[in-house]
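Student: I would like to learn how to read helices in a structure. Please take me through one.

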Amino acid sequence: MDTMMMDMMKSMPADKMMGMNMAMMQECIETCSAAAMASTMCADSDMGMDMAKCSSMCMNMADVATTMMRMMMRPMGYDMASMHAMMMACVEMGKACSAECTMHAEMDEHCRMCAKACDAMVMACEKAMGSMSMA
């Protein structure tokens, strides 16, 4: 785990008001970052292979994961209902991107790696959602 990021999160004044487990939140941020990078690279590779649907799906995944990650890094603006909805969107986009990439995983290593990154992000976001306090 990136201790600098965890230290930064702990130093933020809203850390007690967020209603989320900090370690789970950090894992979700890190996996969103990894999924955004993997899906961006997969989209680029797909364009050179005439795989328009997969490329478009990956670009959408990168946008959703990046937005989710950025929202989690701004706890002063948290609205738990909005955060939950965004995490649900991130989970659903991750599942869809993973399913699309899995169809090409045997012939394209970048698709296999993207699907794996999306699956890890989905699991981390689901775990983080389970730790959220909606009160």
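Student: What span should the 21 residues of α3 have?

Tutor: Helices (H or I, at least four residues) are DSSP runs, numbered from the N terminus. The expected span is 1.5 Å times one less than the number of residues. For the 21 residues of α3 that gives 30 Å, and the end C-alpha atoms are 30 Å apart, which agrees. This is a predicted model, in which local features need pLDDT of at least 70 and side-chain atom pairs count only at pLDDT 80 or more, while totals for chains, interfaces and linings use all residues. Residues are numbered from 1 along each chain as its sequence is written, and side-chain values use heavy atoms, with hydrogens and water left out.

Student: Which residues of α3 are buried, and what do they pack against?

Tutor: Buried means under 20% relative accessible area, exposed over 50%, partly exposed in between (1.4 Å probe, protein chains only). An α-helix has 3.6 residues a turn, so residues three or four places apart point the same way. The buried residues of α3 include C54, C58, M61, A65, M68 and M72. Contact means heavy atoms within 4.5 Å. The buried residues of α3 pack against α2, α4 (80–102) and α5 (109–131).

Student: How do α2 and α3 lie relative to each other?

Tutor: Axes are lines fitted to C-alpha atoms, for helices over the stretch in contact, and angles run from 0 to 180 degrees between N-to-C directions. Angles under 35 degrees count as roughly parallel, over 145 as roughly antiparallel, 65 to 115 as roughly perpendicular and the rest as oblique. The axes of α2 (residues 22–47) and α3 (residues 52–72) come within 8 Å and cross at roughly 155°. The two helices are therefore roughly antiparallel. Among the residues making the contact are M25, C28 and C32 of α2 and M61, A65 and M72 of α3.

Student: Is C28 buried or exposed?

Tutor: C28 belongs to helix α2 and has 0% relative accessibility, so C28 counts as buried. Leaving aside residues up to four places away in sequence, C28 touches M72, M87, A124, C125 and A128. The C-alpha atoms of C28 and V122 are 8.5 Å apart, although 94 residues separate them along the chain.

Student: What covers the buried residues of α5?

Tutor: The cover includes α2, α3 and α4. Among the buried residues of α5 are A124, C125 and A128. In α4, M87 is one of the buried residues, and the buried residues of α4 pack against α2, α3 and α5.
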